[in-house]
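Thanks, everyone. Let me put the structure up, and then I will go through it piece by piece.

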Amino acid sequence: TAKNSADVNDLSAPVLADPQILNQSATQLALALSATDASNDVFYYIEDAANAYAEVLLGNQISLPLAEGTNYNFRITAIDFSGNESEAKTVSVTGQAFECNNLLAGKTLLLGTGDLAPYFAPNWVANTNYSVDVNGDNISFNLDDATYDQIWQAQFRITVETPLVVTPEQSYSLLMDVTSNNNTPFYAKFFDKTDSQMMEICGMANTVAAGTATHLAAYDITCPAGLTQISQILFAFGGNPANTQIQVSDISVCGEASLGIIKNIDAARIALYPNPASGKLVVSGLAKPAQATVSDLTGKTVLSQVAKDEINVAGLSSGVYFLKINNQTIKFIKK
């Protein structure tokens, strides 16, 4: 079609209007963009070299992920499909802190007892060479003995004395700060009394670096259909050296926008790498599977699949395509 097609006679650059900031939170910037061009069809190139950000985006209202507390200077140009580029505009934003309406605030946390008592098993043989202290939402673990590398060898359940009521299908964010004197694999999940439904803050491969305060956050988790309350928090470790000391603080379950939180999105960047042997794109930066949609230059969707590690583009013909995944749009060329 004529739309989105290059014209060798088109030498006029688009004129980009001043971008308008619609909304900004700690982890998201919403912009309104507008450009005039003879072809009436442009896309936008946005970059911030200092923060290693570069993106090709379509549409006049866009959302950019931000890292908490980070200042940005976005350089924006409009480009038509004949390759003509406008003069650049700059949008500068000052980093904001994440605002969390902590629904766990004021709740009493207790170390589990009975069937919920701690389980510490170096070499898969349970022992009692550990100590745990719970003080408000500050929890200290002292693991005297080393464990194998399986993360489930040290399990500690923290019960919420008065369960926290949550609403299925609504979004919540989980946050906490963790420090350790050793490199320590770390996993935490928030779940009900039956262990049947949960929301997790980090996967089994995450490691807290020795001597470094680590801020762990999982933003905008959709509450599972069967989860109506949070009764327990499970911390699991494994592969730790002897005499490992772990401190967890500022444990938060945050409500969505309607409950007073600034809406957040995952700020992790996504990168693509070709795998010529398989005809697939290797995806880096996804924490979990996400819907991937590929469109051609006309805007037609040519591929849609749930993907995490790879996207199969072997069936696409040669050309320029746009991949949209986790609110990001990435341009790639299939040769």
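Start at threonine 214. Leaving aside residues up to four places away in sequence, threonine 214 touches Met176, Asp177, Val178, Val208 and Ala209. Contact here means heavy atoms within 4.5 Å. Threonine 214 sits in strand β20, residues 214-222. Strands (E, at least two residues) are DSSP runs, numbered from the N terminus. Is threonine 214 buried or exposed? Buried: its relative accessible area is 19%. The cut-offs are under 20% for buried, over 50% for exposed, and partly exposed in between, with a 1.4 Å probe and protein chains only.

A word on the source. This is a predicted model, where local features need pLDDT of at least 70, side-chain atom pairs count only at pLDDT 80 or more, and totals for chains, interfaces and linings use all residues. Residues are numbered from 1 along each chain as its sequence is written, and side-chain values use heavy atoms, with hydrogens and water left out.

Now the sheets. As a reminder, strands of a sheet pair through backbone hydrogen bonds, either parallel or antiparallel. Two strands count as paired if DSSP finds at least two bridges between them.

Take the sheet with the order β6-β5-β8-β9. It is open, has four strands, and its pairing is antiparallel. Its edge strands are β6 (53-57) and β9 (89-93), each pairing on one side only. Neighbouring strands are turned by 20 degrees against each other on average, direction ignored. For those angles, axes are lines fitted to C-alpha atoms, and angles run from 0 to 180 degrees between N-to-C directions.

Inside that sheet, look at β5 (residues 42-48) and β8 (residues 72-80). They pair in the antiparallel sense over six bridges. Which residue in β8 stands opposite valine 42? Aspartate 80 does.

Arginine 75 pairs with glutamate 47, and the closest N and O atoms are 3.7 Å apart. The rule is a side-chain nitrogen of Lys or Arg within 4 Å of a carboxyl oxygen of Asp or Glu. Arginine 75 lies in β8 and glutamate 47 in β5, so the pair ties together parts that are 28 residues apart in sequence. Arginine 75 is partly exposed at 36% relative accessibility. Glutamate 47 is partly exposed as well, at 24%.

How many salt bridges does this rule give? The count is three. Another of them joins lysine 89 to aspartate 18, with the closest N and O atoms 3.0 Å apart. Lysine 89 is in strand β9 and aspartate 18 in the loop between β1 (15-16) and β2 (20-24), so this pair ties together parts 71 residues apart in sequence. Lysine 89 is partly exposed, at 26% relative accessibility.

Then there is glutamate 310 with lysine 280. Their closest N and O atoms are 3.7 Å apart. Glutamate 310 is in strand β27 (residues 310-312) and lysine 280 in strand β24 (residues 280-284), so distant parts of the chain are linked, 30 residues apart. Glutamate 310 is partly exposed, with a relative accessible area of 32%. Lysine 280 is partly exposed too, at 27%.

On to another sheet. Four strands form an open sheet in the order β26-β25-β28-β29, again with antiparallel pairing. The edges are β26 (301-307) and β29 (328-334), which each pair on one side only. The twist averages 25 degrees from one strand to the next.

β28 (residues 319-325) and β29 run antiparallel and pair over seven bridges. Valine 320 has isoleucine 333 in β29 as its bridge partner. Glycine 319 stands opposite lysine 334, also in β29. On β25 (residues 290-295), four bridges join that strand to β28, again antiparallel. There, alanine 292 stands opposite isoleucine 325 in β28.

Next, a hairpin. β12 (residues 130-135) and β13 (residues 138-143) pair in the antiparallel sense over six bridges. Serine 131 has asparagine 142 in β13 as its bridge partner. Two residues lie between the strands, and glycine 136 in the turn has a positive phi of about 65 degrees.

Finally, tyrosine 148. This residue lies in the loop between β13 and β14 (154-165). Tyrosine 148 is partly exposed, with a relative accessible area of 41%.
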